[in-house]
Amino acid sequence: MRNGNNIAVYLVNLSISDLLYTITLPVWIELAKESPIGGGLCSLVTVIMFNSFYVGSGLLCCISVDRYVAVVYPLQFHWVREVRTAAVVSFAVWVLEIVIHIILLDHTGALQAFSSSDLCEDRVPMTQESANLALTRVSLGFLVPVFFMTFCFQQIMRSLKQSTSIMVEERRKVGLLLLSLFLTYTAAFVPYQTVMLLRAILEPRACIWATKLRDPYLVKVTTTTINSVFTECPTSPLSFGMTQIASGFS
């Protein structure tokens, strides 16, 4: 960031988001062991976990848009690629996700019962209020970022193919790295979001789906950690690749 690398701002915020998610894991382990956990702590851990999910999605979306501007419009919109702009955008992502969650929790009545353990108890089958909350999360926190990331990826690849100033090998490397970013995100979140969407649609109408989707849901929740591993591990190709993309197209 001191060297003017705006991608570093997004990666630092992504690291903070993943760190907060990691901090909640011991509490979830204790809950799985059926150890007594205070209602307030339980609710706080749940809110942090879901915020980490969607803040991470928002930040990866910001990185994709930033690289889209850098590659497709390299001589324009310099202010978008400034450290100050990245800091403001990152702050806005955090605030937006927190505000949306507060509104949703208040709408479902969970905010008023924050000191209880209702938030961290996954009720089966899903109530209609919980289903509406899940549908909103899937739509705003997953489908919108996926749309932007897909569009940016397609446009960046198109621009790279048309560029004559970038070596073929470099174009191939950048394409593979961007594809790795996109595939990591989809592999981590598509299974979970798909199960959540099915639960939100089917469970309130028929209790039998609660039993059928219970085990897939528990498994898919764990796959979300893939995103934290591959985007934050300092020695991973993806982490190194993001630095290369940032330095090569700033």
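**Entry 1: cysteines**

I started at cysteine 152, which counts as buried at 2% relative accessibility; buried is under 20% relative accessible area, exposed over 50%, and partly exposed in between (1.4 Å probe, protein chains only). The model is a predicted one, where local features need pLDDT of at least 70 and side-chain atom pairs count only at pLDDT 80 or more, while totals for chains, interfaces and linings use all residues. Residues are numbered from 1 along each chain as its sequence is written, and side-chain values use heavy atoms, with hydrogens and water left out.

I then looked for disulfides, each a pair of cysteine sulfur atoms within 2.5 Å, and the structure holds zero. Cysteine 62 has its closest cysteine sulfur in cysteine 61, at 5.9 Å, which is too far for a bond. Cysteine 62 counts as buried, with 14% relative accessibility. Cysteine 152 is in no disulfide either, and its nearest cysteine sulfur, again that of cysteine 61, is 6.6 Å away.

**Entry 2: helices and core**

I listed the secondary structure from DSSP runs, taking helices as H or I of at least four residues and strands as E of at least two, numbered from the N terminus. The protein chain has eight helices and zero strands. In order from the N terminus, the elements read α-α-α-α-α-α-α-α. Of the chain's 250 residues, 43% count as buried.

Next I looked up the largest nonpolar core. I took a nonpolar core as a set of buried Ala, Val, Leu, Ile, Met, Phe, Trp, Tyr and Cys residues joined through side-chain atoms within 4.5 Å. The largest one has 37 residues, of which Tyr10, Phe53, Leu60, Tyr185, Tyr192 and Met196 touch the most other members. At least two residues of this core come from each of α1 (6–32), α2, α3, α4, α5 (168–202) and α6 (208–223). The largest share is that of α2, with 10 residues.

I also checked serine 57, which is found in helix α2. Serine 57 counts as buried at 2% relative accessibility. How far apart are serine 57 and methionine 149 in sequence and in space? They are separated by 92 residues in sequence and by 9.8 Å in space, C-alpha to C-alpha.

**Entry 3: aromatic pairs**

I counted a pair where ring centres of Phe, Tyr and Trp (its six-membered ring) lie within 6.5 Å, with planes under 30 degrees apart as stacked, over 60 as edge-to-face and the rest as tilted. By this rule there are three aromatic pairs. Tyrosine 68 and tyrosine 73 make an edge-to-face pair, 5.9 Å centre to centre with 90° between the planes. Tyrosine 68 is buried, at 14% relative accessibility, whereas tyrosine 73 is partly exposed, at 30%.

Phenylalanine 147 and phenylalanine 148 are also edge-to-face, at 5.6 Å centre to centre and 75° between the planes. Phenylalanine 147 is exposed, with a relative accessible area of 55%, and phenylalanine 148 is partly exposed, at 37%. I noted one aromatic cluster formed by Tyr68, Tyr73 and Phe151.

**Entry 4: cavities and a pocket**

I searched on a 1 Å grid over the protein atoms alone: a cavity is a set of points where a 1.4 Å probe fits but cannot get out, a pocket is an open set with protein on both sides within 12 Å along at least five of seven lines, and lining residues have an atom within 4 Å of a point. Grid points are joined across faces, edges and corners, and a volume is the space filled by probe spheres set on the points.

The whole structure has three cavities of 30 Å³ or more. Which residues line the largest cavity? They are Ser64, Met149, Phe153, Ile156, Leu178, Leu181 and Phe182. The elements giving two or more residues to this lining are α4 and α5. For classes, I counted Ala, Val, Leu, Ile, Met, Phe, Trp, Tyr, Cys and Pro as nonpolar, Asp, Glu, Lys and Arg as charged, and the others, Gly among them, as polar. The lining of the largest cavity divides into six nonpolar, one polar and no charged residues.

The second largest pocket has a volume of about 340 Å³. Of its 20 lining residues, Gly58, Leu96, Glu97, Leu140 and Pro145 are the closest to its centre. Each of α2 (39–72), α3 (83–108) and α4 (128–162) supplies at least two residues of the lining, and α3 gives the most, with eight. By class, I noted 13 nonpolar, five polar and two charged residues in the lining of this pocket.
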